[in-house]
Amino acid sequence: MPPALHARIVSLAETRKRTPHALMVQAIEAFVLREEQREALRQEAMAAHEDFLLTGLHVTAKEADAWLAELEAGKDVEPPKCHV
């Protein structure tokens, strides 16, 4: 670990009344969780793309935007129907 980064961790640990090790474990846990979520989203997107290639079913950006605008306005609306 670069000495400057180590010094920053030690300083932060002292401020937070924690050990440097505890801060590093917390940071690694947060990183791993974020990367796992990112990978799950990537896998979901790849599966959706494969499904689109097989079926051709989709909604247009205009349809999706209109649906999202309704949701944003607080309306409980069904998503648009997929079509070819």
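**Exercise 1.** How many helices and how many strands does the secondary structure of the chain come to?

*Solution.* This is a predicted model. Count the elements: the chain has three helices and zero strands. Read from the N terminus, their order is α-α-α.

**Exercise 2.** Decide whether the chain is a compact globule or more spread out.

*Solution.* Start with the rule: for 84 residues the globule rule gives 12 Å. Now take the radius of gyration of the chain, which is 22 Å. That is well over the rule's value, so the chain is more spread out than a compact globule. Next, look at the C-alpha trace: along its principal axes it spans about 60 × 35 × 20 Å. Finally, check burial: buried residues are 5% of the 84 in the chain.

**Exercise 3.** Find how helix α1 and helix α2 are placed relative to one another.

*Solution.* Locate the helices: α1 covers residues 3-16 and α2 covers residues 20-55. Their axes come within 8 Å and cross at roughly 105°. Angles of 65 to 115 degrees count as roughly perpendicular. Therefore α1 is roughly perpendicular to α2. Now list the contact: α1 gives Ile-9, Val-10, Leu-12 and Ala-13, while α2 gives Pro-20, Leu-23 and Met-24. Sort these residues: seven are nonpolar, none polar and none charged.

How values were computed
Residues numbered from 1 in each chain as written. Predicted model: local features only at pLDDT ≥ 70, side-chain atom pairs only at ≥ 80, totals over all residues. Heavy atoms only, no water. Axes fitted to C-alpha atoms, helices over the stretch in contact; angles between N-to-C directions. Helix = DSSP H or I, 4+ residues; strand = E, 2+ residues; numbered from the N terminus. Parallel < 35°, antiparallel > 145°, perpendicular 65-115°, else oblique. Contact = heavy atoms within 4.5 Å. Nonpolar A, V, L, I, M, F, W, Y, C, P; charged D, E, K, R; others polar. Rg over C-alpha atoms; globule rule 2.2 N^0.38 Å. Buried < 20%, exposed > 50% of the residue type's maximum accessible area, 1.4 Å probe, protein only.
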